[in-house]
Amino acid sequence: MSDETVSGKKAIASRGIPSSEALYLPRHDSDELRKFQEQDESATRNAWSLEEVVNFVFPKKYQLKYNEAAVAFTQLLKEKLVLNGSDINEFVSTKGISKATFYNRVLPRLKRVGMVKVERETLVALESKRKYRPMRISLSKTFGNYLTKIGDSWLALVDDARSRK
């Protein structure tokens, strides 16, 4: 790709994938991951814990505070299934997490990767005619479905290539 834009002005070279759009994938044979594959390449049946899964989104090695906040929040969400605004405020204050960290970093990323679903309902207060939008957060399967689709597609490509031999 050229360093010039359509208007002829120089563009700044890409610095890679923005961190907000990347997942952390440590080496498959690293000490950070529990063994998930047998020598013959068949998958093992042991599931990763919540902490291990969240580590792919907020790597403990590089984003310790975000990782701790995300793990605690998803554990709470796993227990309660649905959280509203007051539940979240209580969570943030009891865990001592900065509101800015939670609302600007942790929650948007969990939402963006598809781990949580945020729904808002618009209500109008009768006495003041003022609108307010209470938030409901729940776990989402989108993250798992997305990665399953990628994994299944890759396995199909490998199987197809090997079957042509």
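Mentor: Start with one definition: a residue is buried at under 20% relative accessible area, exposed at over 50%, and partly exposed in between (1.4 Å probe, protein chains only). This is a predicted model: local features need pLDDT of at least 70, side-chain atom pairs count only at pLDDT 80 or more, and totals for chains, interfaces and linings use all residues. Residues are numbered from 1 along each chain as its sequence is written, and side-chain values use heavy atoms, with hydrogens and water left out.

Trainee: What is threonine 74 in contact with?

Mentor: Leu50, Val54 and Leu110, leaving aside neighbours within four places in sequence. Contact here means heavy atoms within 4.5 Å.

Trainee: Step back a bit. How many helices and strands are there in the protein?

Mentor: Five helices and five strands. Both are DSSP runs, numbered from the N terminus: helices are H or I with at least four residues, strands are E with at least two. From the N terminus on, the order is α-α-β-α-α-β-β-β-β-α.

Trainee: And how much of the protein counts as buried?

Mentor: 24% of its 165 residues. The accessible surface comes to about 12800 Å², and 53% of that belongs to carbon and sulfur atoms. Accessible areas come from the Shrake-Rupley method with a 1.4 Å probe; for residues, only the protein chains shown count as cover.

Trainee: What about contacts along the chain?

Mentor: Take the contacts with a separation of 6 or more. Residues 24 or more positions apart account for 46% of them.

Trainee: Now the inside. How many residues has the largest nonpolar core?

Mentor: It has 25 residues. A nonpolar core is a set of buried Ala, Val, Leu, Ile, Met, Phe, Trp, Tyr and Cys residues joined through side-chain atoms within 4.5 Å. Those with the most contacts inside this one are Phe73, Ile88, Phe91, Phe102, Leu110 and Ile137.

Trainee: Which elements give two or more residues to this core?

Mentor: α2 (64–80), α3 (85–95), α4 (99–112) and β5 (135–139). The largest share, seven residues, comes from α2.

Trainee: Why do such residues gather?

Mentor: In soluble globular proteins, nonpolar side chains tend to be buried together.

Trainee: Give me one to click on.

Mentor: Phenylalanine 73, in helix α2. It counts as buried because its relative accessible area is 0%. Not counting residues up to four places away in sequence, it touches Leu83, Ile88, Phe91, Phe102, Leu107, Leu110, Val116 and Ile137.

Trainee: How far apart are the C-alpha atoms of phenylalanine 73 and leucine 107?

Mentor: They are separated by 9.0 Å. Along the chain, the two residues are 34 residues apart.

Trainee: New topic. Is arginine 109 buried or exposed?

Mentor: Buried, because its relative accessible area is 7%. Arginine 109 is found in helix α4. A polar atom of its side chain lies 2.2 Å from the backbone oxygen of alanine 22. Arginine 109 also touches other residues, including Ser19, Glu21, Val57 and Phe58.

Trainee: How many salt bridges does the count come to?

Mentor: Two. The rule is a side-chain nitrogen of Lys or Arg within 4 Å of a carboxyl oxygen of Asp or Glu. One joins lysine 80 and aspartate 87, at 4.0 Å from N to O. Lysine 80 is partly exposed at 47%, whereas aspartate 87 counts as buried at 17%.

Trainee: And the other?

Mentor: Aspartate 160 with arginine 164, their closest N and O atoms 3.2 Å apart. Aspartate 160 is partly exposed at 40%, and arginine 164 is exposed at 63%.

Trainee: Last one. Which residues form a nonpolar patch on the surface?

Mentor: Leu23, Leu25, Tyr146, Leu147 and Ile150, with about 510 Å² of accessible area together. Patches take residues with over 30% relative accessible area and no salt bridge; like charges are joined within 9 Å, nonpolar side chains (Val, Leu, Ile, Met, Phe, Trp, Tyr) within 5 Å. Leucine 25 is found in the segment before α1 (50–54), and it counts as exposed at 66% relative accessibility.

How values were computed:
Polar contact = N/O pair within 3.5 Å; in protein donor to acceptor, adjacent residues only side chain to side chain.
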